[in-house]
Amino acid sequence: MTQHQPEFTGPLDGIKVLDLSKILAGPYATMSLADLGAEVIKVEHPEGGDPTRRWGPPFMGEDATYYFAANRGKRSVTIDLKSEEGQRVVFRMLEEADVVVENFKPGSGLQRIFDYRALSERFPQLVVLHISAFGDEGPLKDEPGYDMIAQAAGGLMSLTGEAGGKPYKSGFAIGDLGASLFGLIGLLAALVERSRTGRGQYVTTSLYEGQLALHAAWATHHFATGERPVALGSRHANLAPYQAYATQDGYIVIAAGNNDLWQKLCAALARPDLAVDPDFTENSGRVVNVQRLEQELEKSLAENTVDYWYEHFTAAGVPSSPIRSLDQVYAHPHTVALDIIQTVEHPAVGSVRQIAFPVNFRGQRPPVTVAPPEFGADNDEILARYAPHKEAAGA
C-alpha cells in the first residue's frame with residue numbers, strides 16, 4: 001500500500017456536500033470534491049441504491065466495479081426522498097450543507113420537491129449543482145439521458161471512427177465525464193463567489209452542453225466554412241502528420257506539429273526527398289495531400305517495428321508513442337512514478353486500487369484514504385444525528 005503524508009489537508013476541508021445524484025456525472029463530481037477534502041454524504045434509495053452498484057459484471061463483493069469508479073471518499077445513507085420523513089431528514093442535513101449535487105429529471109417530482117428557489121430561501125448558503133441530459137430549456141429537455149445518447153445527439157459519434165465507416169462511441173464515457181467536470185468548475189466558481197457575497201446559487205449544466213463545449217476547434221471550423229465535419233479515423237483535420245501509422249508489427253502515433261518537427265521526422269526516416277517535396281513543405285500542403293503523405297510514411301515505417309521507431313523517434317526529438325493498452329498504461333514506470341494509482345482498504349473486499357485525483361497541491365497529490373462505501377454503511381451514524389426514527393427515513 002502506498003504511503004502518504006498524513007498531514008495533507010485538502011483545499012475543500014470543511015465543505016459539506018450532500019450528493020443526491022446517481023450513475024456517473026454527478027457521483028464523479030462529488031467524488032472529486034471528496035478527493036479535494038470535502039465531507040460528502042451520498043443519499044441512496046433504500047431499494048438498491050445507486051443503479052451502478054448493479055452494473056456488472058465484474059463485481060467486487062456485492063457491488064459492480066463501475067460503482068467503485070465514482071464513489072470513494074463518501075459516506076452512504078439510505079433515504080427515500082419521496083417520503084415525508086425522508087424529506088424532513090434531508091432538510092435537516094441541508095441546514096449544515098454547503099453544496100448539493102443532483103441530477104433530477106427536469107420537471108420531475110423530486111426536482112419540484114427540492115426546487116432551488118424554495119431551498120435558497122431556507123438555506124441561502126447552498127450552492128446547488130444540477131446536471132441533466134439536455135438542459136432545462138429547449139425541445140429536448142425532457143429526453144432521457146445516458147452517456148451514449150449524449151455522444152450521439154451531441155455529434156461526437158459522427159466524428160469517431162474510420163472515414164465512411166459505421167459510427168463508434170468514445171472508448172470512455174466522455175458525455176457523462178465532460179458534464180461532470182464542467183459542473184465541477186461551475187460549482188467551485190460559485191463557492192468562490194459565495195466567499196465574497198455569503199450567498200450560494202444554482203449552477204446547471206448538461207451532458208449535451210458539455211459535448212458542445214468539447215467540440216472546440218471543430219465548432220470554429222464549421223462556423224467558418226459551413227462544412228460538415230466527418231470522422232477521420234486517427235487523422236487530424238488541420239495538422240499533418242498527426243495520426244496513427246502502420247509499422248512492421250503494429251501502429252505508432254506520430255505528432256509532428258510544426259515544420260521543424262516535420263524536417264526532423266524526414267531525417268529520422270532517412271527520407272530527404274519528403275523534406276523537399278513541394279506538396280509537403282508546409283502544413284497546409286501536408287493536410288491537403290494527407291493520403292499520399294500517409295502512403296509515403298508507411299512505406300518507410302514498414303521497414304521496422306513499433307519499438308524500434310519509438311526509440312528512434314524519441315532520440316531524434318520527434319513526438320511519437322506506441323498505442324498502449326490499459327494494462328500496459330497502469331504498469332508503465334511513468335504511471336508508477338506519478339503515484340496516481342493508489343490502494344485503499346475496503347471492509348468487505350480488501351485492497352482496492354483507484355486512480356487518484358489528477359492534480360497536485362503544494363507538490364502533493366490528494367491521497368485516496370476512504371474506499372467507496374457499502375450500501376447504507378453510515379445509516380446508524382447519520383440517521384441517529386438527523387432522524388429520530390431511521391426506519392421512517394427509509395433505512
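A: A term to start with: exposed means over 50% relative accessible area, and buried means under 20%. Also, this is a predicted model.

Q: Okay. Is E95 buried or exposed?
A: E95 has a relative accessible area of 55%. The cut-off for exposed is over 50%, so E95 is exposed.

Q: Where does E95 lie?
A: E95 is in the loop between α3 and β6 (99-102).

Q: What does E95 touch?
A: Leaving out residues up to four places away in sequence, E95 touches F123 and Q125.

Q: And how far apart are E95 and L126 in space?
A: They are 9.0 Å apart, C-alpha to C-alpha. In sequence, E95 and L126 are 31 residues apart.

Q: Switching to the core. How many residues has the largest nonpolar core?
A: It has 26 residues. L126 is among those with the most contacts inside it, and so are L18, I79, L81, M93, L94 and F114.

Q: Which elements give two or more residues to this core?
A: Those are β2 (39-44), α3 (84-94), α5 (116-122) and α17 (379-386). The largest share comes from α3, with 5 residues.

Q: What does the second core include?
A: L12, A34, A38 and L207 are included. That core is separate and has 23 residues.

Q: New topic: S206. Where does S206 lie?
A: S206 lies in strand β8, residues 202-206.

Q: Buried or exposed?
A: S206 is buried, because its relative accessibility is 0%.

Q: Which side chain joins that of S206 in a polar contact?
A: The side chain of E209, at 2.7 Å.

Q: What else is S206 in contact with?
A: Setting aside neighbours within four places in sequence, S206 contacts S132, A133, F134, G135 and A179.

Q: Last topic, helix α13. How many residues has α13?
A: Helix α13 has 12 residues, 290-301. From first C-alpha to last, α13 reaches 16 Å, close to the 16 Å expected.

Q: Which residues are buried in α13?
A: V290, L293, E294, E296, L297, S300 and L301. They are on the same side of α13, because they cover an arc of only 165° around the axis.

Methods: Residues are numbered from 1 along each chain as its sequence is written. This is a predicted model: local features need pLDDT of at least 70, side-chain atom pairs count only at pLDDT 80 or more; totals for chains, interfaces and linings use all residues. Side-chain values use heavy atoms; hydrogens and water are left out. Helices (H or I, at least four residues) and strands (E, at least two) are DSSP runs, numbered from the N terminus. The expected span of a helix is 1.5 Å times one less than its number of residues. Buried means under 20% relative accessible area, exposed over 50%, partly exposed in between (1.4 Å probe, protein chains only). The arc is that of the directions from the helix axis to the C-beta atoms. A nonpolar core is a set of buried Ala, Val, Leu, Ile, Met, Phe, Trp, Tyr and Cys residues joined through side-chain atoms within 4.5 Å. Contact means heavy atoms within 4.5 Å. A polar contact is a pair of N or O atoms within 3.5 Å; within protein, one must be able to donate a hydrogen and the other to accept it, and residues adjacent in sequence count only if both atoms are side-chain atoms.
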